[in-house]
Amino acid sequence: MSSSSMRSFEYLESLPGTVFNRLYKQPSTALAIFRRMLPQLAKSFVMAMLYMSRPLPVADLDTWVRPGSRREQDTAIDLLERLQILKRTAEPNKPRSYVLTDPFAASLRQALTGGGNHKSFGVRSRTRVEDEVTIPQLDDFARRQWEGVLGYMVGSTGVGLNDEGAKLSLSVKHLLKYGRLVEVKGRSVDITQDGFAFVLQEVNAQVWTILILYLENAEELGMDRVDVLSFLFMLGSLELGQGYSKANLTDTQLQMLLDLGDFGIIYQNTPDSDSYYPTRLATTLTSDAGALRSATAGFDTALRSSNDDKGFVVVETNYRIYAYTSSPLQIAILSLFTRLSTRYPNMVSGKMTRESVRRAINMGITGDQIIDFLYTHAHPQMRKNANFLPPTVVDQIRLWQIEGERMKSTVGFLFKDFLSAAEYEGPCQYAGDIGVLKWKNDAKRMFFVTRHEHVAAYLKSQKEKRREGG
């Protein structure tokens, strides 16, 4: 599951059952969740059970999976249950079974076969030829608005990023502050550690992060979050370059058009026009297209549906940096931890110093994030070497960071008091397999995880299996 899928999944997991029931009444939502958030094995289970007229016994489902893949099976079942797509049934004198929930199953069948008058995939508008918006125009608008958001975060207005006319509304600035992506001190805007991590994410993950913040803030704005979620999932199914009518949208969704326009996700000729256009940022919400790591270059590549993102940074052992870029956004990101001294039309140069790196660390940016940025954007000539980032530079960045810190805390959960080594080893290994294990002590049968839901569900399933087998 990609990082953007994980972020949206974590939000959905926190919703009550009544919200899922309303969400799944929309075929577009059911299809988007099926396509975007389910691993391949979970998709196979859903498709196999979609047209079954009766519940599937657990023993029958076990025969579909090879004995060596039981862990993957447990993970897929657990995810389906947490998204309330699958539920267990237990009737007297009948084996324990699984069944797909309604209305998810009904909506997914309708999405796959078509028909109905639900209009959940949007209603195409009849736009006059002279009013049509081309795909290059939509891409240019999306790029300008999104780079305006990133530029505001890294404080790059001084290097000309916003000269093209991207205007950020107060609601956008409030959302970035609410999400702790920036800190506003008077007239100064400083990027935070979370904000720098946000800038380094793939474009889809960035968009979903903003949308989750928008969802969390929706109720304060008097908006129905089911309407908000349904509209977001619908956007991922729309066609780029096609206009869609506003006639069937709710009041909440009409307000969203204005807000999403500030981020370059939706385009409207005027706020009063009868139609709207999804940009590429919207149409890739429920797919992995354009999932790139870089900022400006990455966004350009996302808009071209290509993964050919060449690096541009050269780092020398004397801490000097040469960046072959003319992007104001990339230059602004470099200036967060580099003392820039020279700028040419297609290159900037500077030097990482103790003061420049410590300044970035004091803003909340970690040394590992700086190293990750340099690693991700290393020039192709540097990549010809095995260790293309000079070890002296990497080590010194980390030393500059630990000057001001000696301990790092991690929020999580401790599992202990296992009765036997066998009882301990299963969930501990499972936690490591799914990437939530942070620490373990085999001698004391203890381990520490960042998220407990998966491990708790695994322990519960193992307990039920032992009870059935006993």
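Two strands are said to pair if DSSP finds at least two bridges between them. Helices (H or I, at least four residues) and strands (E, at least two) are DSSP runs, numbered from the N terminus. The model is predicted: local features need pLDDT of at least 70, side-chain atom pairs count only at pLDDT 80 or more, and totals for chains, interfaces and linings use all residues. Residues are numbered from 1 along each chain as its sequence is written, and side-chain values use heavy atoms, with hydrogens and water left out.

**Exercise 1. Describe the sheet that contains β13, β14 and β15.**

Step 1. The three strands form an open sheet in the order β13-β15-β14, with antiparallel pairing. β13 (413-415) and β14 stand at the edges with a single partner strand each, so one side of each has no neighbour in the sheet. On average, neighbouring strands are turned by 15 degrees against each other, direction ignored.

**Exercise 2. Characterise the hairpin of β11 and β12.**

Step 1. Strand β11 (residues 339-344) and strand β12 (residues 347-351) run antiparallel, joined by five bridges.

Step 2. Two residues lie between the strands of this hairpin, and Y344 stands opposite M347 in β12.

**Exercise 3. Determine how α17 packs against α19.**

Step 1. Axes are lines fitted to C-alpha atoms, for helices over the stretch in contact, and angles run from 0 to 180 degrees between N-to-C directions. The axes of helix α17 (residues 354-362) and helix α19 (residues 391-402) come within 10 Å and cross at roughly 60 degrees.

Step 2. Classify the angle. Helix α17 is therefore oblique to α19; angles under 35 degrees count as roughly parallel, over 145 as roughly antiparallel, 65 to 115 as roughly perpendicular and the rest as oblique.

Step 3. Identify the contact (heavy atoms within 4.5 Å). R354, V357, R358 and I361 of α17 meet I397, W400 and Q401 of α19.

Step 4. Sort these residues by class. Four are nonpolar, one is polar and two are charged. Here Ala, Val, Leu, Ile, Met, Phe, Trp, Tyr, Cys and Pro count as nonpolar, Asp, Glu, Lys and Arg as charged, and the others, Gly among them, as polar.

**Exercise 4. Is α16 largely enclosed or largely open?**

Step 1. Apply the criterion: buried means under 20% relative accessible area, exposed over 50%, and partly exposed in between (1.4 Å probe, protein chains only).

Step 2. The residues P328, L329, Q330, I331, A332, I333 and L334 of α16 are buried.

Step 3. Because seven of the eight residues of helix α16 (residues 328-335) are buried, the helix is largely enclosed by the rest of the structure.
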